[in-house]
Amino acid sequence: MALSLSRATATRVLALLLVVALLAPSAVSALTYEPAPETSLKPGTITSPAGGPTVVSTQGYTFRGTTNSKKPARVISVGPRGDRRWIHDDNVGGNAWFFDVDPMPNGNLLVSSPRADDTLVFEFDPDARERVWQERFAMTDTHDVAYLGDDRIAIANMREWNATTEVSDDRVVVYNRSKGEITWEWYFKNHFPASADGGYNDDWSHVNDVDPIGEDRLLLSPRNFDQVIVVDMSSKEIVERLGRDDDYSILREQHNPDWLLSENGTPTILVADSGNNRIVEYAKEGGEWVRTWSVGADSLNWPRDADRLPNGNTLVTDTLNHRVMEITPTGEVVWEYYATWGPYDAERIGTGAESAGPTIRDLNASGTYEIEGSAGLAPGGEGGVGFAGRIRATFAGTPLEGPMTEFAIRWGHVTPWLRPVWMSGWDFALAIAAVLLALSWTGVELVARRRRILAGARRLLGR
């Protein structure tokens with residue numbers, strides 16, 4: 001009996017020591033973390049000054065109405081050499097998220113800023129640092145709006161769940177400010193089967209982008225359907241479609257597509273292929289979309305915007321690496337700015353609201369490229385390959401490559417929203433392992449104690 005108790009005690013001590021060892025890196029990080037003022041906003045690689053100011057919206061992290069002060073939402077103006085021009089931190093009417101920020105013809109910015117269960121859309125004067133006008137909509141988590149002219153605004157109404165009918169009413173609408181009413185609307189349920197993305201739910205389409213193409217067509221991005229579509233506003237029919245639901249080889253949970261035309265008139269789509277951690281470009285040939293460019297698959301983490309600039313470079317928003325980069329067609333970083341927390345949209349002022357540059361084919365640069373030349377500062381993150389990268393490298397070329405790559409992708413996309421800023425990815429992984437070990441050991445102890453209690457009861461009853 002004494003030997004048995006001794007072994008049990010030794011096992012408990014060993015388990016406790018292992019839990020402490022797993023938690024030790026997190027404890028050390030917490031005790032030694034000393035963020036310098038504004039370390040989350042600084043330039044990275046700049047070998048070529050930008051062609052004008054760049055405006056960046058950072059989503060920040062807000063949970064149940066409270067914003068994490070170390071993961072702030074804000075709009076930032078950055079000069080050509082990475083010098084910070086101004087910061088707009090707006091909590092009026094509740095803690096804000098910032099998503100789409102579009103330059104308007106008059107030089108102001110059109111901003112989509114969800115807060116609580118509503119979305120505030122406003123025109124922002126960057127010189128006066130104040131709103132020119134604002135409209136509040138009973139729409140949850142709106143990511144994108146677009147100025148159509150004549151006081152008309154297109155709105156991607158992404159989470160319009162009807163709890164009574166249990167049907168998604170996700171839609172795109174046009175709101176006329178002069179009339180104070182919606183003058184056009186288009187519902188996804190009228191054009192997609194109810195089975196899309198596994199069936200109706202409160203975040204069914206997750207339509208995160210709406211852009212005008214000419215006078216009567218809209219480019220839409222239903223993220224959860226893994227495709228980009230063009231809708232004719234007169235007929236309300238889908239006239240172009242890139243991608244298919246759950247076909248991740250084409251697109252996976254994409255953001256912010258842009259419509260381009262090559263010199264010979266070939267329709268082209270540039271898009272942040274977020275779930276595949278890359279930027280891609282497709283050209284339409286013979287009625288089929290052909291991928292002509294892919295960049296960054298081994299270095300980007302949840303990119304959510306890509307704009308082709310007039311000089312042929314591409315402005316990329318690399319959300320979970322907390323940076324914005326201007327890259328050449330072959331992937332070389334020539335301008336870079338780090339902006340935590342979670343940049344969503346970046347616009348080069350003076351180039352218009354959407355891409356204004358040539359296609360990759362017009363640049364004779366078709367191909368697949370890695371991104372090279374980044375400063376790799378990763379504020380709020382970690383250096384090196386990271387936990388997710390190590391998982392992918394470890395299982396590459398093995399029978400487990402598929403599921404472990406999927407795990408690594410999900411880990412890389414989800415944990416940054418949950419991980420404290422002072423933790424690295426490795427710290428967080430070890431802390432989770434410690435919690436799982438503690439829970440498992442607690443379960444073992446409870447089962448063992450229950451057995452001892454039952455055995456004691458049987459002995460008593462036997463007497």
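The model is predicted, so local features need pLDDT of at least 70, side-chain atom pairs count only at pLDDT 80 or more, and totals for chains, interfaces and linings use all residues. Residues are numbered from 1 along each chain as its sequence is written, and side-chain values use heavy atoms, with hydrogens and water left out.

Start with the strands β7, β8, β9 and β10. They form an open sheet in that order, and the pairing is antiparallel. Strands here are DSSP runs of E with at least two residues, and helices are runs of H or I with at least four; both are numbered from the N terminus. Two strands pair if DSSP finds at least two bridges between them. The edge strands are β7 (101–103) and β10 (130–137), each pairing on one side only. Neighbouring strands of this sheet are turned by 20° against each other on average, direction ignored. Such angles lie between axes, which are lines fitted to C-alpha atoms (for helices, over the stretch in contact); they run from 0 to 180 degrees between N-to-C directions.

Now move on along the chain. Another open sheet has four strands in the order β11-β12-β15-β16, again with antiparallel pairing. Which strands stand at its edges? They are β11 (145–149) and β16 (181–187); each has a single partner strand, so one side of each is left without a neighbour in the sheet. Strand β12 (residues 152–157) pairs with strand β15 (residues 171–176) over six bridges. I155 has V173 in β15 as its bridge partner.

Next come the charged side chains. A salt bridge is a side-chain nitrogen of Lys or Arg within 4 Å of a carboxyl oxygen of Asp or Glu. By this rule the count comes to 19 salt bridges. One of them joins E135 and R177 (3.3 Å, N to O). E135 sits in strand β10 and R177 in the loop between β15 and β16, 42 residues apart. Are these two buried or exposed? Buried means under 20% relative accessible area, exposed over 50%, and partly exposed in between (1.4 Å probe, protein chains only). E135 is at 18%, so E135 counts as buried. R177 is at 23%, so R177 is partly exposed.

Another salt bridge links E336 and R323 (3.6 Å, N to O). E336 is in strand β28 (residues 333–339) and R323 in strand β27 (residues 323–327). E336 is buried, with a relative accessible area of 0%. R323 is buried too, at 6%. Elsewhere, R252, E253, E406 and R410 are linked in a network of salt bridges.

Q254 lies in the loop between β20 (238–243) and β21 (255–261). Its relative accessibility is 0%, so Q254 counts as buried. The side chain of Q254 makes a polar contact with the side chain of S221 (3.0 Å). A polar contact is a pair of N or O atoms within 3.5 Å; within protein, one must be able to donate a hydrogen and the other to accept it, and residues adjacent in sequence count only if both atoms are side-chain atoms.

I432 is in helix α4 (residues 425–462) and is partly exposed, at 31%.
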